[in-house]
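The following exercises concern the model shown below. Each task is followed by a solution in steps.

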Amino acid sequence: MADQEPRKQTDAPGSELGETARQMRAAEPYISAVWKLVGGAVV
């Protein structure tokens with residue numbers, strides 16, 4: 001374990017995430033809004 005490189009520390013939030021995870025995090029408010037509309041229509 002001592003031979004592993006330490007993680008790079010950056011100030012950007014989500015910088016340790018992969019590209020897909022960053023895109024999902026950016027789309028989260030829109031996905032939430034769609035689920036609220038769909039859920040409201042179903043109920």
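**Exercise 1. Determine how the span of α1 compares with the expected value, and where α1 bends.**

Step 1. Helix α1 has 24 residues and covers residues 19-42, helices being DSSP runs of H or I with at least four residues, and strands runs of E with at least two, numbered from the N terminus.
Step 2. From first to last C-alpha, α1 reaches 33 Å, close to the 34 Å expected at 1.5 Å a residue (1.5 Å times one less than the number of residues).
Step 3. A bend of about 50° occurs at E28, with the proline P29 following within four residues; the bend is the angle between axes fitted to the seven residues ending there and the seven starting there.
Step 4. The model is predicted: local features need pLDDT of at least 70, side-chain atom pairs count only at pLDDT 80 or more, and totals for chains, interfaces and linings use all residues. Residues are numbered from 1 along each chain as its sequence is written, and side-chain values use heavy atoms, without hydrogens and water.

**Exercise 2. Identify the side chains that meet in a salt bridge.**

Step 1. A search of the whole structure gives 1 salt bridge (a side-chain nitrogen of Lys or Arg within 4 Å of a carboxyl oxygen of Asp or Glu).
Step 2. The partners are R22 and E19, at 2.9 Å from N to O.
Step 3. Both lie in helix α1, 3 residues apart, about one turn of the helix.

**Exercise 3. Classify W35 as buried or exposed.**

Step 1. Buried means under 20% relative accessible area, exposed over 50%, and partly exposed in between (1.4 Å probe, protein chains only).
Step 2. W35 has a relative accessible area of 62%, so W35 is exposed.
Step 3. Of the 43 residues of the protein chain, 2% count as buried.
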